[in-house]
Amino acid sequence: MNVAIIGTGYVGLVTGAVLSEIGHNVICLDINEEKITKLKKGESPIYEPGLDEVLERNIAGNRLSFTTSAEEAFENAEVIFIAVGTPQGEDGAANLTYIQQAAKDIAMHINRNLIVVVKSTVPVGTNDLIEETIRTNAIGSFQVDVVSNPEFLREGHAINDTFLGDRIVIGSENEHAGSTVESLFTKLNIPFLHTNRRSAEMIKYASNAFLAIKISYINQIYNLCEKVGADVNDVADGMGMDHRIGRAFLNAGLGYGGSCFPKDTEALAYLGRENEISISLVDAAIQANKEQRILFVNRVLEHFNGNVEGKKIAVLGLAFKPNTDDMREAPSLDIIRILSADGAEVHVIDPVVKETKLLAEVAVTHSKTLEECVQSAEAVLLVTEWEEFVRADWEELLALTKNATIFDGRNVLHNHKLISQVV
Ligand code: UDX
């Protein structure tokens with residue numbers, strides 16, 4: 001099938017790459033010239049394991065191309081995916097400017113019946129608005145069916161998640177449109193769930209908020225474990241063995257960041273307020289997540305009796321989680337800002353993020369090696385659980401420090417039994 005995709009962010013690019021890999025002709029559209037120029041050469045603008053190979057293979061096979069021209073993108077498209085960003089507005093509501101623009105662009109170019117698939121995470125009812133926008137702005141009368149197909153991929157596992165997802169949700173008001181979208185994905189061998197559009201939109205928010213609540217819950221249990229002498233990893237293992245609970249998303253630590261959980265929980269809380277429905281569990285999860293970072297920094301400050309002035313502190317990890325270069329809502333940002341403002345000499349290292357504009361105003365030194373980062377440090381903070389940090393020879397690293405205490409922000413160093421300096 002001929003498919004066009006609007007937006008080459010994580011979701012759009014991975015969807016485009018995977019659809020081309022399973023045999024569709026895909027053209028990706030973005031307004032960012034620089035990005036498109038890179039992509040045409042097969043260079044991915046994001047760090048995502050496995051993506052480069054898929055891009056390369058399908059560009060070479062003429063199944064995947066890129067453009068900044070809407071006209072070119074929509075010329076032969078039978079299905080158009082919208083995968084543009086829905087950033088969080090100041091009141092917590094999702095900002096739909098890019099979505100509206102995409103709908104208008106489609107309307108301006110439509111010259112035949114069309115199926116529009118919305119991958120972007122949008123508040124319940126937005127698919128209805130998109131359909132209305134396209135229909136009212138279109139020149140000529142064509143059948144336009146908007147189908148909701150929320151995305152569940154995780155950054156850092158995007159390719160795998162798309163090939164091996166748990167479910168593909170298709171929210172449609174028209175059976176033919178729903179089954180056409182299903183036929184796009186049948187090669188993936190993933191179970192389908194057909195719902196109406198509003199349910200599909202809600203599934204995405206409800207899933208992400210549920211996982212966020214799970215994380216905040218285990219984090220609060222973790223804080224209590226610390227006080228009463230229990231080991232949160234054992235507690236999570238024990239809880240997780242109950243199949244009704246499950247072990248996934250029970251890793252306690254610094255809490256969630258990234259482009260989805262913080263934004264989607266806020267958007268769901270906003271939807272609750274707007275509809276005068278209490279979803280206080282989500283509010284509590286948001287609050288607990290904010291507090292978790294502060295509690296961590298407070299533990300470091302307490303260790304230095306409140307004075308980190310001139311102390312070298314090594315921060316391991318910048319990205320919000322391993323295997324991504326995404327810095328959105330990363331706990332590292334808050335931690336580094338606070339410690340640096342308090343006069344600490346902060347040195348950081350991340351395997352992928354080598355610098356970030358988000359810390360431009362902050363005095364922070366980017367180290368080239370782990371050894372350089374921890375050399376003479378008085379505290380080492382494990383903030384992102386990158387494999388190379390977890391597997392590092394911590395005895396050797398410790399020997400380089402100034403008798404540093406290690407603050408394990410991800411609870412992953414518990415197997416290093418020899419380290420007595422981990423807190
Ligand atoms: C998430 C959802 O998993 C995905 O389905 C959705 O499409 C987008 O949002 P992502 O943000 O890429 O994906 O990362 P994920 O691996 O889910 O982790 C989210 C955050 O939760 C990270 O900050 C991670 O560090 C944190 N987390 C995750 C925990 O703190 N503990 C856990 O047990 C799991």
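Here is a walk through this predicted model, from its nonpolar cores out to a few individual residues.

Let's start on the inside. The largest nonpolar core has 47 residues, and the ones that touch the most other members are Ile313, Leu316, Ile336, Leu339, Val380 and Leu381. Setting aside neighbours within four places in sequence, Ile336 is in contact with Val315, Leu318, Val346, Val348, Leu359, Val362 and Val364. There is also a second, separate core of 40 residues, with Ala102, Phe261, Ala267 and Ile286 among them.

Now have a look at how two helices meet. Helix H11 covers residues 261–274 and helix H12 covers residues 280–303; they pack at an angle of about 145°, and their axes are 9 Å apart. Their crossing is left-handed. On the H11 side, Thr265, Glu266, Leu268, Ala269 and Arg273 make the contact, while H12 brings Val282, Asp283, Ile286 and Lys290. What kinds of residues are these? The contact of H11 with H12 divides into four nonpolar, one polar and four charged residues. Ile286, by the way, turns up in this contact and is also listed in the second core.

Next, jump back along the chain to helix H3 (residues 51–60). Which of its residues are buried? Leu51, Val54, Leu55 and Asn58 are. Seen down the helix axis, the buried residues of H3 fall within an arc of 100°, so they line one face of the helix. Over on the other side of H3, Glu56 and Ala60 are exposed. The buried residues of H3 have several packing partners: helix H1 (10–21), helix H2 (33–40), strand E3 (64–67) and helix H7 (158–163). Just after H3 comes asparagine 62, which takes a positive phi of about 60°.

Another helix worth a stop is H5 (residues 97–109), which is where alanine 103 lies. Is Ala103 buried or exposed? Alanine 103 has a relative accessible area of 0%, so it counts as buried. Not counting residues up to four places away in sequence, Ala103 touches Ile130, Thr133 and Ile134. Take the pair Ala103 and Ile130: they are 27 residues apart in sequence, yet their C-alpha atoms are 5.9 Å apart in space.

Finally, the loops. Between E9 and H13 there is a loop that holds aspartate 326. Its relative accessibility is 5%, so Asp326 counts as buried. Leaving out neighbours within four places in sequence, Asp326 is in contact with Tyr10, Glu155, Ser259, Ala319 and Phe320. Glutamate 329 sits in the loop between E9 and H13 as well, but Glu329 is partly exposed, with a relative accessible area of 44%. The phi of Glu329 is near 55°, a positive value in a residue other than glycine. Phenylalanine 249 also has a positive phi, of about 60°, although it is not a glycine. You'll find Phe249 in the loop between helix H10 (232–240) and H11, where its 29% relative accessibility makes it partly exposed.

Note on methods: Residues are numbered from 1 along each chain as its sequence is written. This is a predicted model: local features need pLDDT of at least 70, side-chain atom pairs count only at pLDDT 80 or more; totals for chains, interfaces and linings use all residues. Side-chain values use heavy atoms; hydrogens and water are left out. Axes are lines fitted to C-alpha atoms, for helices over the stretch in contact, and angles run from 0 to 180 degrees between N-to-C directions. Helices (H or I, at least four residues) and strands (E, at least two) are DSSP runs, numbered from the N terminus. A crossing is left-handed if the near helix is turned anticlockwise from the far one by less than a right angle, and right-handed if clockwise. Contact means heavy atoms within 4.5 Å. Ala, Val, Leu, Ile, Met, Phe, Trp, Tyr, Cys and Pro count as nonpolar, Asp, Glu, Lys and Arg as charged, and the others, Gly among them, as polar. Buried means under 20% relative accessible area, exposed over 50%, partly exposed in between (1.4 Å probe, protein chains only). The arc is that of the directions from the helix axis to the C-beta atoms. A nonpolar core is a set of buried Ala, Val, Leu, Ile, Met, Phe, Trp, Tyr and Cys residues joined through side-chain atoms within 4.5 Å.
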